[in-house]
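Hello,

Here is the structure I promised to pass on. Please open it alongside this message; my notes follow below.

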Amino acid sequence: MTTQEQGREQDHWWRDAVCYELYPRSFADGDGDGTGDLRGATARLDHLARLGADAVWLTPFYPSPLADGGYDISDHTAVAPELGTLADWHALVARARSLGLRVLVDLVPNHTSAAHPWFRRALAAPQDLRARERYVFRPGRGPDGLTPPNDWRSAFGGPAWTRVPGGAAGPAAWYLHLHTPDQPDLNWRNPEVAAEYERIIRFWLDQGADGFRVDVAHTLFKAPGLPDAGPGQHEQPDRYHLLPYYDRPELHPLYRRWRTLLAEHPGGSRGGRLLVGEVILTDQRRLARYLRPGELHQVFNHPYTETPWDGRALRRVIGESLAAARSVGAPVAWALSSHDAVRPVTRFGGGETGLRRARAAALLTLALPGAAYLYQGEELGLPQAPVPEDRRRDPLWPMSGHSDPGRDGCRVPLPWEGQRAPYGFGPAAPEQSWLPQPEDWAALTVRAQQGDPGSTLELYRAALRLRRAHPVAAGDRCRVAGPDSGAWLTFRRGRSLRCLVNFGPGGLRLGPGHRILLASSPVQDGVVPPDTTVWLRPRRAQPPSASE
Ligand code: NOJ
C-alpha cells in the first residue's frame with residue numbers, strides 16, 4: 001500500500017465507527033416461531049439508527065444444524081430457512097442503507113458444519129482423496145490407531161479429534177475439530193478451500209455486504225506435521241501464540257489477498273469495505289501484526305474485553321493497545337461484550353454495582369479513539385440471564401463436563417416492550433421462545449427506557465451523539481494519565497472532550513473550569529462518585545485537576 005493510499009485510509013468510515021452486533025435469533029422474531037429472523041431484524045433496525053450506530057454486523061444466519069449457535073454452517077451462501085430468504089436479506093440491506101447503516105456479515109473459514117456437503121462426501125467416500133483433503137484427516141496413533149493423531153484439545157473441552165471407523169471403503173481415521181465434533185476444521189493448505197472462500201466472499205459482496213467479521217481468524221493454518229501442543233493448552237492465554245494451531249505466519253498472506261479482493265471487487269460504497277478479525281491472542285504486538293498495512297482493517301481487542309473492572313489493569317491494556325495499533329497505523333476496535341462473553345453488568349459484579357460499572361465502562365470505551373463494537377442488549381444494561389439447565393443450547397455446557405454454563409445467558413431474546421415475556425420480541429407465546437427470557441425484565445425494555453434520561457439506553461444514545469460531535473483527528477495521540485494506584489484515569493478525546501473514570505474507592509473532586517457533558521452516574525457538588533465515568537468539556541486549555 002502506498003503512503004498516499006494510507007493517507008486516504010485515514011478518512012475511512014470504519015476507523016472510528018460504532019458497529020452494533022446483531023444476533024439474529026435473539027434480536028426480533030418476525031414470523032412468530034419464537035426465533036428471531038431477518039424480517040424481524042429489518043422491522044426493528046431503526047433502533048440502531050436511533051442509537052447512533054454506523055454499521056451492523058450480523059452473526060451467522062446461514063443454514064446450520066445449530067451445533068454451535070449457527071457457527072456450524074452447512075451452506076455459506078444461503079439464508080437459513082427458519083430465518084428467511086435471500087429476498088429478506090436484500091430487504092434488510094435496503095433498510096440499512098436507508099438508515100445510513102453499513103452491513104457486515106460473519107465469515108466462518110476455520111470449519112464447516114459436519115452437515116456440509118463437502119464433509120458428508122468425505123465421510124461417505126473415504127477413498128475419495130479429494131474430498132478428504134478438504135479437511136484434516138489423519139490415521140490414529142498406537143498399534144490399532146485408536147489414539148488421536150496428537151494431543152490437541154478442543155477450545156470447548158475434550159480432544160480436538162473424532163474417529164470415524166473404517167469399513168470396506170477405507171481404513172479408520174480421525175478428523176480435526178478445534179471446536180465441536182460437528183465443526184470439522186478445513187485444510188487451508190488445500191487451494192480448493194481458499195478458492196471456495198473467495199467465492200463466498202464475492203457472493204456476499206455481490207449481495208450488498210460492506211464487509212466481514214472473520215471468525216477465529218487466528219486458527220486457519222496448523223503447523224506442518226501437526227506437532228503435539230503440550231499440557232494446559234486453553235488454560236494459558238498468554239501462550240496462545242505458541243500453540244501449533246494458532247497464529248501461524250501463513251495467515252498473513254491470506255488476509256492480504258482478501259483485503260485486495262475486497263478493494264478490487266466491483267461495487268462498494270464510499271469509504272471502503274471492512275475486514276474485522278476475531279483474533280484471540282493476548283499479546284498486543286502479535287495482534288497488531290494482523291493490522292499491518294494491506295492486512296485486516298481491524299481486530300477485536302480481546303484483551304480489553306477480558307479485563308476486569310480494575311483501573312490499573314485497564315490503563316495498562318489501553319496503553320498497550322493504543323501503542324501497538326499506532327505502530328502499524330491502524331485503529332483499535334474496542335468491545336465490552338459479544339455473544340461469547342458474560343454480560344458486563346454481571347461480569348463487573350452484578351446488581352446495582354455491576355450496572356453502575358457497566359455504564360462507566362461504556363463511557364470509557366466510547367471515548368477511546370478507534371472503533372467500538374456494541375453487542376445487542378448492552379445498550380439496555382441487560383445482565384446475564386439465568387438459563388435453566390434443560391433449556392441450555394450452548395455446546396460449551398456438555399463439552400466442559402457441565403462445569404461451564406455456556407454462553408446462552410447473553411443470547412436470550414431482547415426485551416422491546418411490555419410487562420412480561422416475550423416483551424415484544426415477537427408474536428409467539430413465551431414458552432415457544434428458543435431461549436427463555438427472565439420474568440423481571442419489564443423495566444429493561446427499549447420502550448421502558450426510552451425518554452428516561454437516567455436509563456442506560458439514553459446514556460448510550462447521548463454518548464454516541466457526543467462521540468460523533470467530538471471526533472479524533474487522524475494522528476492525534478491519546479495519552480492516558482492517572483495515579484499508579486489505578487484509582488482513576490483520564491485522557492482527552494479530540495480537542496474538546498476529556499474522559500475521567502473514577503474506579504474508587506473515594507469520590508473525586510473536579511477541578512474548577514470543567515463542564516460535565518455526560519456522566520454514567522449522578523455527580524453532585526463537583527464530586528465524581530466511585531465507579532463513574534464523566535465526559536468533561538474543559539473551559540480552559542489546561543488539563544483538569546482531578547483530586548482525590
Ligand atoms: C467464535 C464465535 O464467536 C463463537 O460463537 C463460536 O463458538 C466459535 N468462534 C467457533 O466458530
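A search of the whole structure, which is a predicted model, turns up 27 salt bridges. Side chains of opposite charge can pair when their charged atoms come close.

Start with R407. One of its partners is D68, with the closest N and O atoms 3.1 Å apart. This pair links distant parts of the chain, 339 residues apart. R407 sits in the loop between helix 15 (396–399) and helix 16 (446–449). D68 sits in the loop between strand 2 (55–58) and helix 5 (86–98). Both R407 and D68 are buried.

R407 also forms a salt bridge with D394, at 2.7 Å from N to O. Here the two residues are 13 apart, and D394 lies in the loop between strand 11 (371–375) and helix 15. D394 is buried, as is R407.

Another salt bridge joins E458 and R461, whose closest N and O atoms are 3.0 Å apart. Both residues belong to helix 17 (residues 456–469). They are 3 residues apart there, so about one helical turn separates them. E458 and R461 are both buried.

Next, helix 6, which spans residues 117–124. Its buried residues are W118, F119 and A122. They cover an arc of only 90 degrees around the axis, so they fall on the same side of helix 6. On the other side, P117, R120 and A124 are exposed.

What do the buried residues of helix 6 pack against? Two of the elements are helices: helix 7 (129–132) and helix 8 (191–206). The others are strand 4 (137–138) and strand 6 (173–176).

Last, T532. It lies in strand 17, which covers residues 532–538. Is T532 buried or exposed? T532 counts as buried because its relative accessibility is 0%. The T532 side chain makes a polar contact with the side chain of R356, at 3.3 Å. Leaving aside residues up to four places away in sequence, T532 touches R356, A360, L500, V501, N502, S520 and S521.

Then turn to helix 6 and compare its buried residues with its exposed ones.

Best wishes

Note on methods
Residues are numbered from 1 along each chain as its sequence is written. This is a predicted model: local features need pLDDT of at least 70, side-chain atom pairs count only at pLDDT 80 or more; totals for chains, interfaces and linings use all residues. Side-chain values use heavy atoms; hydrogens and water are left out. Helices (H or I, at least four residues) and strands (E, at least two) are DSSP runs, numbered from the N terminus. Buried means under 20% relative accessible area, exposed over 50%, partly exposed in between (1.4 Å probe, protein chains only). A polar contact is a pair of N or O atoms within 3.5 Å; within protein, one must be able to donate a hydrogen and the other to accept it, and residues adjacent in sequence count only if both atoms are side-chain atoms. Contact means heavy atoms within 4.5 Å. The arc is that of the directions from the helix axis to the C-beta atoms. A salt bridge is a side-chain nitrogen of Lys or Arg within 4 Å of a carboxyl oxygen of Asp or Glu.
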